[in-house]
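Okay, thanks for coming, everyone. Let me put the structure up, and then I'll walk you through a few spots.

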Amino acid sequence: MGPLSLAVVREALVRLVGEGIAVRLPNCGFAVPDFSDRRWQEIAEARRTIEPVMLRLAIERGDVDWEARVRAAHHRLVRTPVYAPEEGAYYSGAWSESHRVFHRTLLEGCGNPVLLDTFDRLWTASELARRWSAHRTPDRDGITEHRRLEEAALARDADTAAKVLAKHLTLTAAGLTSCSYDEQGEGF
């Protein structure tokens, strides 16, 4: 592989800033925000506000094909190894992709491409924080959280599904601040 053009590197960094993964420091270049950075909590707040509404719409509008895709995405998620020794202590790339597909599939039933584009941007912006949170909360039971989310959605129980999703998102954010779910005032 030959040398990289400075213009290509700069363009990539600007794109990462646009996706919320990096920040631009005046007269200093670029950096990845620290896990304690307020931006991660703001992204989590946006997700907790938007995604339960999207899930309610998906439960209302989703058809049997949506149900089948949710079931299949959940099956793939639970069958994909969370960690790969060669990838280090953070989530494996395969599991991260299965996780994204499960969450997006849950919401696709809403049928609103603008909301789904918003989800995609927020998901990308929160990926690094999600990996940090998992590393800081290794005893979290994500398997049960995802199973409860799938079950509530497929039972067409919008109230329970929205609460489970909000709790799931809050636990990820709490992993960055070392607060419990109840300390954030989001318990049910």
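Let's start with S98, which sits in helix 4; helices here are DSSP runs of H or I with at least four residues, strands are E runs of at least two, and both are numbered from the N terminus. Quick caveat: this is a predicted model, so local features need pLDDT of at least 70 and side-chain atom pairs count only at pLDDT 80 or more, while totals for chains, interfaces and linings use all residues. Residues are numbered from 1 along each chain as its sequence is written, and side-chain values use heavy atoms, with hydrogens and water left out.

So, is S98 buried or exposed? It has 8% relative accessibility, so it counts as buried; the cut-offs are under 20% relative accessible area for buried, over 50% for exposed, and partly exposed in between, with a 1.4 Å probe and protein chains only. Skip the neighbours within four places in sequence, and S98 is in contact with R76, L77 and T80, where contact means heavy atoms within 4.5 Å.

Now, the helix packing. Helix 3, residues 64–79, packs against helix 4, residues 93–108, at an angle of about 160°, and the axes are 9 Å apart. Those axes are lines fitted to C-alpha atoms over the stretch in contact, and the angles run from 0 to 180 degrees between N-to-C directions. Helix 3 and helix 4 are therefore roughly antiparallel; that label needs an angle over 145 degrees, with under 35 being roughly parallel, 65 to 115 roughly perpendicular and the rest oblique.

Who makes that contact? On helix 3 we have W66, R69, V70, A73, H74, R76 and L77, and on helix 4 there are W95, S98, H99, V101, F102, T105, L106 and E108. Sorted by type, the residues of this contact are eight nonpolar, four polar and three charged. Here Ala, Val, Leu, Ile, Met, Phe, Trp, Tyr, Cys and Pro are nonpolar, Asp, Glu, Lys and Arg are charged, and the others, Gly among them, are polar.

Next stop, E145, in helix 6, residues 142–154. With a relative accessible area of 13%, E145 is buried too. Its contacts, leaving out neighbours within four places in sequence, are R140, V164, H168 and L171. Take V164: 19 residues from E145 in sequence, and 7.5 Å away C-alpha to C-alpha.

Zooming out, the protein has seven helices and two strands, running α-β-β-α-α-α-α-α-α from the N terminus. Of its 188 residues, 39% count as buried.
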